[in-house]
Amino acid sequence: MTALANHLKQVIRREGAISVARFMSEALGHPEHGYYMTRDPFGAGGDFITAPEVSQMFGELIGLWVAAVWQALGGPKKLVLIELGPGRGTLMADALRAIKTVPRLSSALDVHLVDMSPALRAIQQRALAQTGAFWHQRLEDALAAAGDTPTVVIANEFFDALPVHQLIRTEEGWRQRLVGLDAEERFVFMLDSNPTGLAALIPPALTDAPMGSVVELSPASLNLVGELARHVLRVGGAALIIDYGHSMPGVGDTLQAVKGHGYVDIFETPGEADLTAHVDFATLATVARQQGAAVFGPLEQRRFLEALGLRLRAERLAAVSPQRATEIWAAHRRLTAEDAMGTLFKALAIARPGMAIPGFST
Ligand SMILES: C[S@@+](CC[C@H](N)C(=O)[O-])C[C@H]1O[C@@H](n2cnc3c(N)ncnc32)[C@H](O)[C@@H]1O
């Protein structure tokens, strides 16, 4: 049994069954035993690979996107660039290298990183040693540090790690799915017999879903997007969210655990497997619009990256390093193909109304 499973079982014995969101948030973020708190999960020897780890081209294009947003803002003397969940710091390192081609922006930038993981923060500090970057535990601390300065926020594969509640439609109405223990002290799903106030968050299109349907709700994500929208409306700027998920509200259980590049049972090794849920882009967009922000996308990652010039960048890199051409085109494929990251991953941007946001015109 993992240390985190042990801890969660004690919590359930003491407090009763817990929400799926609590299970997820402890599995990922428990200060001692949480998945992200103790390890570097990326790459061949780890559990999964993300777009910036697939190729430098991803971060470079995001860097150019930041430069284009800065230009659309009128090239302000100061720009705060915040990244949520920077992982190994690879995206930011590649983005800053691309941004160096725009010296005025390079010197205008203050870089802020938000990550809860001490283990990953140490890796980020090495990757971004010369950048003068600041680190924060929470978005609100980074936004407070940004003050009134125009701000660009980027988040790649961050929102899928934010906890989701699961609600199931029953004859008695929507009920919350909980995690409890069976007679042999194994984790099991069960249903809360009481109604839940979370049902008020179910998108209108789903309230009459067929009996047995599962709806996932992430109040943590909605709060964060609300905060982002209010901030960019107040100070100017934009936020870019790239993640895997659905463009339309939908039903279904998308909670998944990944370990060693394969799926595992979510109850098998909590704290030692990554736990994610698909991002509900439609609801994030609705929340941002309710705050008065303009929303761009969600757009499939392949379209977004090609609009930013991915193919051209791959051609250039392959021409400069012909010995790496096969690897470069394999990365291009991985980022854009339908059977890889091209369509499941999507990009969504939030900005002040009236601003032109690069990459979303197709
Ligand atoms: C899947 S990784 C993505 C890393 C990186 N963006 C990339 O694309 O390679 C998720 C990152 O978000 C951080 N993270 C997850 N949940 C968080 C939370 N609630 N608050 C702050 N950081 C969090 C993790 O520590 C990790 O750095």
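Modeller: Helices and strands here are DSSP runs, numbered from the N terminus: at least four residues of H or I for a helix, at least two of E for a strand. Keep in mind that this is a predicted model, where local features need pLDDT of at least 70 and side-chain atom pairs count only at pLDDT 80 or more, while totals for chains, interfaces and linings use all residues. Residue numbers start from 1 along each chain, as its sequence is written.

Our strand is β15, residues 294-300. The partner to look at is β16 (residues 345-351): the two pair in the antiparallel sense, over five bridges.

Is β15 out in the open or enclosed? I call a residue buried if 20 or more other C-beta atoms lie within 10 Å of its own, exposed if 12 or fewer, and partly exposed in between, with C-beta atoms placed from the backbone. Six of the seven residues of β15 are buried, so the strand is largely enclosed by the rest of the structure.

Packing here goes by contacts: two residues are in contact if their C-beta atoms, placed from the backbone, lie within 7 Å. After α11 comes G292, with a positive phi near 105 degrees.

Now let's zoom out. The protein has 14 helices and 16 strands. Its radius of gyration is 21 Å, close to the 21 Å that the globule rule gives for 362 residues, so the protein is as compact as a globular protein of that length. That radius is taken over C-alpha atoms, and the rule is 2.2 Å times the number of residues to the power 0.38. Along the principal axes, the C-alpha trace spans about 65 × 45 × 40 Å. Buried residues make up 46% of the 362. Among contacts between residues at least 6 apart in sequence, 75% join residues at least 24 apart.

Other strands pair up too. β7 (173-181) is joined by six bridges to β8 (residues 187-195), running antiparallel. In that pair, L178 stands opposite M190 in β8. β7 and β8 form a hairpin with five residues between them, and E185 in the turn has a positive phi of about 65 degrees.

Then there's an open sheet of three strands, in the order β12-β11-β13, with antiparallel pairing. Its edge strands are β12 (262-264) and β13 (274-276), each pairing on one side only. Neighbouring strands of this sheet are turned by 40 degrees against each other on average, direction ignored; the axes behind such angles are lines fitted to C-alpha atoms, for helices over the stretch in contact, and angles run from 0 to 180 degrees between N-to-C directions. Three bridges link β11 (residues 256-259) with β12, and V258 stands opposite Y263 in β12.

Both β7 and β13 turn up again around α2: what covers the buried residues of α2 includes these two strands, along with α1 (3-15), β1 (18-19), α3 (35-38) and β6 (165-170). Seven of the ten residues of α2 are buried, so this helix is largely enclosed by the rest of the structure. The buried ones are V20, A21, F23, M24, E26, A27 and L28.

Finally, the ligand. Of the 20 residues around the ligand, T50, G85, G87, M116 and S117 come nearest. The elements giving two or more residues to this shell are α2 (20-29) and α4 (51-54). A residue is near a molecule or strand if its C-beta atom, placed from the backbone, lies within 6 Å of it. By class, the shell has eleven nonpolar, six polar and three charged residues. Here Ala, Val, Leu, Ile, Met, Phe, Trp, Tyr, Cys and Pro count as nonpolar, Asp, Glu, Lys and Arg as charged, and the others, Gly among them, as polar.

Key: Two strands pair if DSSP finds at least two bridges between them.
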